[in-house]
Amino acid sequence: MADTAARASRPAVRAPRPPVGGRPRARRRASPTAPPRSFRWARRIFLTALTGFVLLPVYVMLSSSLKPLRDVSGGFRWLPGELTVRPYLDIWRTVPLAHYFVNSLIVAGSATVCSVVIAVGAAYAVSRYRFRGRRVFTVTVLSTQMFPGILFLLPLFLLYVNIGNATGVALYGSRGGLVLTYLTFSLPFSIWMLTGYFASVPRELDEAAYVDGCGALGALLRVVVPAALPGIVAVAVYAFMTAWGEVLFASVMTNDTTRTLSVGLQGYATQNDVYWNQVMAASLVVSVPVVAGFLLLQRFLVSGLTAGAVK
């Protein structure tokens, strides 16, 4: 009876409540391969600083493009005292920016199309067939990437002038000559990257296309090209960006009629003053096509560059 009374006088111990899901809540354990906490914080700080370093010039361009000329010409202030969109309207009247925009679109688009078409054919032949001089061709294509572009400036200039004097074909000062110039830079890289990408496409797909009645060209267009689309998009983006922002050859190989955007931006600097707010506004407008295309095609670009580099 005493034991019964002692047990009754003790407070009742409640059993722990089960979790809502009916299963016991497991303690979250760190993965054995997870980096230490100090490394994670250092990584966050570094990436934050790097992001600020990258976005700082963009902020300066954007804020300067929204200021009047008197505010931009003086000392720089982080917060603009007066905002105006007048520079975005004046950039089209100070220089013929629309004409330069059309020239850049024609030159960059033509260089991109020619680079992709030629590189696809050359890369398919190198990756699928064994022929005499194949290794020499591959080494020659890669060796052209070792030389800086300025070494080709004077030879191409003399070559275009002599061809124009001998045949009457005006390559110097024309869009076609500028497209040929840009092909000398974009084609070697395009052929090299697509060769590695085409080599990753199984040859059994070509053989299946041959069984279905396709020839070599049909197998390339119907089977290999769709399978290698990310690599082709990466090559197209690279060729377009190379031609769109090039300055050195465009400043020598063009005239007032065929001038591109990268050279036309110099028109905002006169003998009396430099329209810095319009320069910044025009620079942002010029960057829109490249940035928009990169954001739309970034997944193809990343996968294409990765596969082309690994293979």
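This report describes the fold, the surface and selected side-chain pairings of one protein chain.

## Overall picture

The structure is a predicted model. Its protein chain has 15 helices and zero strands. The chain holds 311 residues, and buried residues make up 32% of them. Among the contacts with a separation of 6 or more, 74% are between residues 24 or more positions apart. The accessible surface of the chain comes to about 20000 Å², and carbon and sulfur atoms account for 66% of that surface.

## Cysteines

The disulfide count for this model is zero. A disulfide would need a pair of cysteine sulfur atoms within 2.5 Å. C114 is partly exposed, at a relative accessible area of 31%, while C214 is buried, at 16%.

Helix 2 covers residues 37-65, and F46 is found in it. F46 belongs to a nonpolar patch on the surface, together with L47, L50, F53, V54, L55 and V58. The accessible area of this patch is about 710 Å² in total. F46 itself has a relative accessibility of 54%. That value makes F46 exposed, because the term applies to residues over 50%.

S64 is also found in helix 2. In contrast to the exposed F46, S64 is buried, with a relative accessible area of 5%. Leaving aside residues up to four places away in sequence, S64 touches V72, F76, N277 and M280. The C-alpha atom of S64 is separated by 9.4 Å from that of W78, a residue 14 positions away along the chain.

S65 is another residue of helix 2. Its relative accessibility is 0%, so S65 counts as buried. The side chain of S65 makes a polar contact with the side chain of Y88, at 2.7 Å.

## N103 in helix 5

Helix 5 runs over residues 97-128 and contains N103. N103 is buried, with a relative accessibility of 0%. Its side chain reaches the backbone oxygen of T257 at 3.0 Å. Beyond residues up to four places away in sequence, N103 touches R175, T257, T258, R259 and T260.

## Salt bridges

Side chains of opposite charge can pair when their charged atoms come close. In the whole structure, five salt bridges are found.

| Residue with N | Residue with O | N to O distance |
|---|---|---|
| R70 | E82 | 2.7 Å |
| R128 | D206 | 2.9 Å |
| R259 | D256 | 2.6 Å |

The side chains of R70 and E82 meet in a salt bridge. R70 lies in helix 3 (residues 69-73) and E82 in the loop between helix 3 and helix 4 (86-94), so this pair ties together parts that are twelve residues apart in sequence. R70 is exposed, at 60% relative accessibility, and E82 is partly exposed, with a relative accessible area of 36%.

What does the salt bridge between R128 and D206 connect? R128 forms a salt bridge with D206, and this pair links distant parts of the chain: R128 is in helix 5 and D206 in helix 9 (residues 203-211), 78 residues apart. Both R128 and D206 are buried.

R259, one of the residues touched by N103, forms its salt bridge with D256. R259 is partly exposed, with a relative accessible area of 24%, whereas D256 is exposed, at 57%.

R86, D90 and R93 are also linked in a network of salt bridges.

How values were computed. Residues are numbered from 1 along each chain as its sequence is written. This is a predicted model: local features need pLDDT of at least 70, side-chain atom pairs count only at pLDDT 80 or more; totals for chains, interfaces and linings use all residues. Side-chain values use heavy atoms; hydrogens and water are left out. Buried means under 20% relative accessible area, exposed over 50%, partly exposed in between (1.4 Å probe, protein chains only). Patches are made of residues with over 30% relative accessible area and no salt bridge: like charges are joined within 9 Å, nonpolar side chains (Val, Leu, Ile, Met, Phe, Trp, Tyr) within 5 Å. Accessible areas come from the Shrake-Rupley method with a 1.4 Å probe; for residues, only the protein chains shown count as cover. A salt bridge is a side-chain nitrogen of Lys or Arg within 4 Å of a carboxyl oxygen of Asp or Glu. Helices (H or I, at least four residues) and strands (E, at least two) are DSSP runs, numbered from the N terminus. Contact means heavy atoms within 4.5 Å. A polar contact is a pair of N or O atoms within 3.5 Å; within protein, one must be able to donate a hydrogen and the other to accept it, and residues adjacent in sequence count only if both atoms are side-chain atoms.
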